[in-house]
Amino acid sequence: MNLYLQHVNILTPDIGGTITFYQEKLGMKLAARFYQEGIFDIAFLRDGSASTHFAIELVGPPFIGWMEDTYQKHGPIMDHFNFVVDDVDTWYQKLKVSKTEFVQQPEHFLGVKEMYFRDPCGVITEMMALDDPRLMPALSPESPDGKNIEYRLHHISILCNDIPAVERFYVEELGLHTVLEAREDGYIFLIDPLVLADETMTAPSLEIMGPPGIEPREAAYLAKYGPGIDHLCFVVDDVDAAFEELSAKGIQFDLEPMEYAGSKIAYFKDPNGIDIELMLPIPREHFIS
Ligand SMILES: [Fe+2]
Ligand SMILES: [Fe+2]
């Protein structure tokens, strides 16, 4: 019953402009686009490193089902994130037993079987299995050319009111592993079992944040949206150089590079107002071995 993080979703009114932003500013590549006029418009962006399947899924109007309600209520937002699994029906049966709240029962759509459910703080999680795994949007591996900073999609961050309850769900029900604990500071990191052996500590991760240690920025998010997907993060090898490069490209930073917990971070926004974090890879010694 393996699973791995495949994408985080952004609902956007401007899918073309958002694609251009991530391509031009962060070197991402358009891996796939599914478009049928008046029915759906979906794009997948991958980071240039092509070392994992982790992607950003952009969904533009018209939005379907609950996504339309969410968009009407909040405007552009990260609606859900996604795990790829071998068999959606097996997971459906398992999660039904534990009284998980489903947003959508298993259904076929565009060559995948997928379902959506809520974690204990209400964040929507998608699980999907591909009819043909070879159809996973993929980029041919490219080595960085050395001229540009490499921005590698690293984690998405769930902001909730109860870290232990959310952690219990992802660990006990879904089989993720807690790899870093900073509970007084209000965050932990989880990764899926398939990347446990990763030595670089830059594998796709789920950050769970919540009281007691939340910052004013996070308190403002909770007050505005309630629990949700708060930010997405790219690791870079040099946050100061990335700050210089992106500033030169016209990005205004909300937080300029700052030392934090043995790393260095900075924050800015994408054109949809989504908070984006830049971070140095977390030092290995911070992880639970
Ligand atoms: Fe999705
Ligand atoms: Fe983060």
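Two strands count as paired here if DSSP finds at least two bridges between them. Keep that in mind as you click through this predicted model.

Stop 1: To see one of them, pick Leu 30: its bridge partner in β3 is Leu 45.

Now widen the selection to the whole sheet. It is open, with eight strands in the order β2-β3-β4-β1-β5-β8-β7-β6 and mixed pairing. Ignoring direction, neighbouring strands are turned by 20° against each other on average.

Next, show helix α3, residues 88-97. It lies across β5 (80-85), β6, β7 (112-118) and β8 (124-130), and it runs at about 20° to β7.

**Stop 2: the sheet with β14 at its edge.** Here is another open sheet of eight strands with mixed pairing, ordered β10-β11-β12-β9-β13-β16-β15-β14. Its edge strands are β10 (177-182) and β14 (253-260), each pairing on one side only. From one strand to the next, the twist averages 25°.

Zoom in on β14 and β15 (residues 263-269), an antiparallel pair with five bridges. Pick Tyr 260 and look for its bridge partner in β15, which is Ser 263.

Last, bring up helix α6, residues 239-248. This helix lies across β14, β15 and β16 (275-279), running at about 170° to β14.

Conventions. Residues are numbered from 1 along each chain as its sequence is written. Chains are lettered from A and ligands numbered from 1 in the order in which they are written. This is a predicted model: local features need pLDDT of at least 70, side-chain atom pairs count only at pLDDT 80 or more; totals for chains, interfaces and linings use all residues. Helices (H or I, at least four residues) and strands (E, at least two) are DSSP runs, numbered from the N terminus. Axes are lines fitted to C-alpha atoms, for helices over the stretch in contact, and angles run from 0 to 180 degrees between N-to-C directions. Two residues are in contact if their C-beta atoms, placed from the backbone, lie within 7 Å.
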